[in-house]
Amino acid sequence: MNILITGINGFIGTHLTEYLLAHTESHIQGFDLYDDNLGDLLPQPRLSFKKGDLFREDAWLEEQIASCDVVLPLAGIAKPAYYIKKPIWTFELDFEQNLKIVKWCAKHHKRIVFPSTSEVYGLGASEVFLEDETPLVTGPIVKTRWIYSCCKQMMDRMIFAYGQERGLAFSIFRPFNWVGPRLDSFKDAEEHSARVVTQMIYDILYRGGVTLVDGGRQRRSFTWVGDAIEGLAAIVANKDGRADGQIFNIGNPENRHSIRELAEFLIEEMKETPAFREKASQAVLRDAPAADYYGKTYEDVQDRVPSVEKMERLLGWKPRTPMRDLVRKTVAYYAERFDEFDEFNENR
């Protein structure tokens, strides 16, 4: 299988590439602005990489789509701090640039595996989010946080429409709080723009504790990236066509915890880690209103719980890693690289 991955240098892209190279015979063409996260993967003979800008490489991108089997357009804005401050850029990248890829896939009769988001469910009141049944409810226009959710939801609808009208082969997956190595950089955390786990680890080490937005009451279903990538790889493989035309949640409903509980778990685990013990022992939890932390255009979701019944029924996948193991493995990753992170902080 020949696979094109845009945004290959990101969190999902690097982990998926690592898995596919290790467990399949696929040939991968990667595309991104940067390659720093790809590391030892780049010399692999079945991986090619082009550094470039999604906004400026239309001819090359269409040529690659025409010659591959499957396209994964993973490039996009996925951090709340970014899409609150840069809603236009979020729309241009997450919707406009990815829509052209959808159109080329339809034109050249190529399958697309598209990354939606758990945020499309928005403020839905369902206790468990079902891919094909749960209403998608977002907040008012003045809360610009919802532009990301709306962009992804509209992409889902356009892909489904292209499938109906023009025979586009597709699968859509919705990640629920995937956690693990390479999630975000400490530079992101320094700027208060990292996602929650990286931000918390950085703040424990260098800011004396964790700021909990609205007290950290919000609940999420945290998913170990290794489990999630196995599920995504099963979608890509599409055995017997079982993923055709389907939308899949990929998450771990058993790991449903509040943001405050996540902070407590991280501090406990970091206290057990020699490199982090001193800083973690001194860490405090501070509450802050969302308007003070993110600004007045932010609005949060109080709970997110995925149904993963469809993934298990159609593809035989279910998550395995419990919350404490997820936290332990994530902290271990940062502990192994503590010297380089500490050096970053000293030189900033």
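Residues 24 or more positions apart make up 76% of the protein's contacts with a separation of 6 or more; contact means heavy atoms within 4.5 Å. This is a predicted model, in which local features need pLDDT of at least 70 and side-chain atom pairs count only at pLDDT 80 or more, while totals for chains, interfaces and linings use all residues. Residues are numbered from 1 along each chain as its sequence is written, and side-chain values use heavy atoms, with hydrogens and water left out.

**The largest nonpolar core.** This core holds 65 residues, of which Leu 72, Phe 173, Trp 178, Leu 232, Ile 235 and Ile 250 touch the most other members. A nonpolar core is a set of buried Ala, Val, Leu, Ile, Met, Phe, Trp, Tyr and Cys residues joined through side-chain atoms within 4.5 Å; buried means under 20% relative accessible area (1.4 Å probe, protein chains only). In the protein, 54% of the 348 residues count as buried.

**Surroundings of Phe 173.** Neighbours within four places in sequence are left aside here. Phe 173 contacts Ile 12, Leu 74, Val 113, Phe 114, Pro 115, Ser 116 and Thr 117, and also Trp 178, Leu 232, Ile 235, Phe 248 and Ile 250.

**Charged side chains.** The protein carries 44 positive and 53 negative side chains, with Lys and Arg counted as positive, Asp and Glu as negative, and His and the chain ends not counted. The centres of the two sets lie 2 Å apart, each charge being placed at NZ of Lys, CZ of Arg, CG of Asp or CD of Glu.

Notes. Buried < 20%, exposed > 50% of the residue type's maximum accessible area, 1.4 Å probe, protein only.
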